[in-house]
Amino acid sequence: MKHRLLMLICVISLALSMSPVYGAEPANSAPELISVVTENQYRSITVNWQDEAYADGHEIYLKPANKPKRIIQTDAVDEQTITGLARNRKYTVKVRSFVYGEEDGACIYSPWSRSRTVRTEYTDWQIYLDKYEADDSVNELILLKYKGGSRGTLVLYQKDETGCWQELLKCKAYTGKRGINKKKQGDRKTPKGDYALTCAFGIKSDPGSAMKYTKITKYHYWCADKYYNRMVDVRKQKHKCHGEHLIKYMKQYAYAMNIGYNLSGRKGKGSALFLHCFGNYRYTLGCVAVEKANMKKIIQTCGEGSRICIYRR
């Protein structure tokens, strides 16, 4: 008889331990909101919090600017990720805990935590990462994040076997002496926008270029007159060329690629805008410059269809 009674008590205890703790007292104070982190690529917010006392669940208050609030109920212990949010919008976030009432199981709530405001920023380069991830013709993408003055950061991405971007290189870069957003020839600005990398060339021998490579000789110019904004070999396009005599720029054009700005060749809009090696100064006259070893890696990586996107950080 005693054994049966003991077994009955154990079964009841086990059942109670697996049921919601109805009647537990909610925390007298709100949960501590530890962090609210945005993941811009996935348009999501991850909310982290910590409770002082037991809770059966939590509610997250999510209020986008100028839009109705959302209340998201979760049984998560201390973290919840909310996806599918709008791009470039402010969100106010706070959290509270609850326990189930003893008699009717209704929720009894703690006060709300202090709120935090975050923004799901969606930068120009993030737009192009998303755009070209879906484009099978583009397998390499360079982002030039302009920081002011003539300073920038260059990031090289390449798609992996699943079609997702992987960062291969991140390095210092120099832009035009007067920054970006080129308007005309001679303004010493680098073009702003999204451009193809149209060809690879250099005074050095082909380092294993991923696209067709032209080894520069004394006959190669980047034309600024009859064949505006085109590479010419004056043995073939016979004329007295007034453009850049490429072989004279031993440091800069050891390795280089053409940025596809003004491909129509409109005179006066700008010519000879390249991605090339560092020269003697911490600026260019409109090109983008990186350290020689990095330029070599870029040429070895960027094949047909590669793009460069240049925007303010």
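The model is predicted, and local features were considered only at pLDDT of at least 70, side-chain atom pairs only at pLDDT 80 or more, while totals for chains, interfaces and linings use all residues. Residues are numbered from 1 along each chain as its sequence is written, and side-chain values rest on heavy atoms, with hydrogens and water left out.

Strand β2 (residues 44–50) is joined to β5 by four antiparallel bridges, and I45 has I82 in β5 as its bridge partner.

Across the whole structure, 14 aromatic pairs were found, a pair being two rings of Phe, Tyr or Trp (its six-membered ring) with centres within 6.5 Å, classed as stacked for planes under 30 degrees apart, edge-to-face over 60 and tilted for the rest. The rings of F98 and Y109, with centres 5.9 Å apart and planes at 65°, are therefore edge-to-face. Since F98 belongs to strand β6 (residues 90–100) and Y109 to strand β7 (residues 107–109), the pair ties together parts that are eleven residues apart in sequence. The charged end of R96 also sits over the ring of Y109, 3.9 Å from its centre (CZ of Arg or NZ of Lys within 6 Å of the ring centre and within 35 degrees of the ring normal).

Note on methods. Two strands pair if DSSP finds at least two bridges between them. Helices (H or I, at least four residues) and strands (E, at least two) are DSSP runs, numbered from the N terminus.
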